[in-house]
Amino acid sequence: MSSFQYTKSSKYKDLDTIYEQCSGPGGLELAEFMAKKMGLKPGATLLDVGCNRGIQTCFLAKEFGITAIGLDPWDDRKTGYPMVELLRENAKQWGVENSVLGINLGVPDTHFASGSFDFVYSTTALEMVRMSQGVEGYLSCLKEILRLLKPGGVFGLGEPMHLDVPIPADLLPYVSEDEYPWIECFRSLRETVEQVKDAGFNVLESEYAPDAREWWLSFARHDPFCKEEPGKDPRTLEVDGGRWASFGYIIAVKAGGIG
Ligand SMILES: C[S@@+](CC[C@H](N)C(=O)[O-])C[C@H]1O[C@@H](n2cnc3c(N)ncnc32)[C@H](O)[C@@H]1O
């Protein structure tokens with residue numbers, strides 16, 4: 001049973017739709033968890049890096065009263081539309097079309113002016129960049145996020161991570177498959193904190209999320225691709241049994257006064 005109080009996300013009960021409109025563990029519970037850890041305030045500006053179809057972006061705008069820009073460079077696998085078009089549709093459905101904007105770009109090439117945002121939020125996105133572009137590519141993304149924050153601005157990073165243990169031998173084949181093998185994407189919390197610090201952030205808080213396993217199991221039950229292919233991620237999570245795969249978060253600040 002979770003010790004974290006989810007209040008705003010609990011009223012959205014259709015988990016199949018929620019997991020269809022984002023991509024990764026946690027859904028709206030993750031967004032609420034991060035928003036509270038980051039201290040989101042009404043009227044603030046937030047950049048959602050890797051917003052996908054943007055349901056978390058819309059939730060944050062609606063429930064926390066912020067103005068949000070969702071950034072995503074990819075097209076949707078199912079529909080072929082740019083993710084930000086689907087964000088736009090979601091924003092209309094959520095009644096936040098005046099406070100949510102989507103931009104079809106990714107970090108580090110954003111072209112925003114320095115110091116544009118009070119908050120940057122990124123979940124289950126940058127570990128894929130680290131896999132495809134290495135630690136240097138990951139650091140470039142983090143440095144761009146630092147540039148975009150106002151002095152005193154807060155970065156909330158949520159990532160699939162592995163526990164600081166050797167990988168169980170029986171799990172290895174399962175996490176070595178696919179386009180984005182987990183073994184190549186996931187790092188430990190300790191390693192990720194070091195990389196966030198190397199990019200120039202001051203880390204305020206970092207931990208494995210207390211509900212990491214519940215978020216992963218929820219993803220396995222409700223994500224449309226997991227439902228189509230139960231032999232892939234759901235099977236990996238079953239074999240793992242909570243021994244290695246987890247989900248970590250880091251709350252970090254850009255040095256300087258309150259922007
Ligand atoms: C797995 S989805 C995560 C979506 C959502 N944040 C969540 O937690 O469910 C990752 C998203 O990151 C996006 N992405 C990939 N490279 C990116 C980059 N360089 N900058 C921003 N987003 C990126 C992809 O297009 C994809 O939609």
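**Salt bridges and the ligand site**

The count comes to 16 salt bridges, a salt bridge being a side-chain nitrogen of Lys or Arg within 4 Å of a carboxyl oxygen of Asp or Glu. Before the details: this is a predicted model, where local features need pLDDT of at least 70, side-chain atom pairs count only at pLDDT 80 or more, and totals for chains, interfaces and linings use all residues. Residues are numbered from 1 along each chain as its sequence is written, and side-chain values use heavy atoms, with hydrogens and water left out.

Take helix α4, residues 83–93, where K92 and E89 sit 3 residues apart, about one helical turn; helices are DSSP runs of H or I, at least four residues, numbered from the N terminus. Their closest N and O atoms are 3.5 Å apart, in a salt bridge. K92 is partly exposed at 43% relative accessibility, and E89 is partly exposed at 39%. For these classes, buried means under 20% relative accessible area, exposed over 50%, and partly exposed in between, with a 1.4 Å probe and protein chains only.

Helix α5, residues 126–148, holds R147 and E144, again 3 residues apart and separated by about one helical turn. The salt bridge between them has its closest N and O atoms 2.9 Å apart. Here R147 is partly exposed at 28%, whereas E144 is buried at 9%.

Which parts does the pair K232 and D178 tie together? The salt bridge itself is 3.3 Å, N to O. K232 lies in the loop between α10 and α11, and D178 in the loop between α6 and α7, so the pair links parts 54 residues apart in sequence. Salt bridges with shared partners join D178, E229 and K232 into one network.

Now S9, in the segment before α1. S9 is buried, at 5% relative accessibility. Its side chain makes a polar contact of 2.6 Å with that of E32, meaning a pair of N or O atoms within 3.5 Å; within protein, one must be able to donate a hydrogen and the other to accept it, and residues adjacent in sequence count only if both atoms are side-chain atoms.

Last, the ligand. An oxygen atom of the ligand is 2.9 Å from a polar backbone atom of S23. A polar side-chain atom of D72 lies 2.4 Å from a ligand oxygen, and a backbone N or O atom of V107 is 2.8 Å from a ligand nitrogen.

How values were computed. Helices (H or I, at least four residues) and strands (E, at least two) are DSSP runs, numbered from the N terminus.
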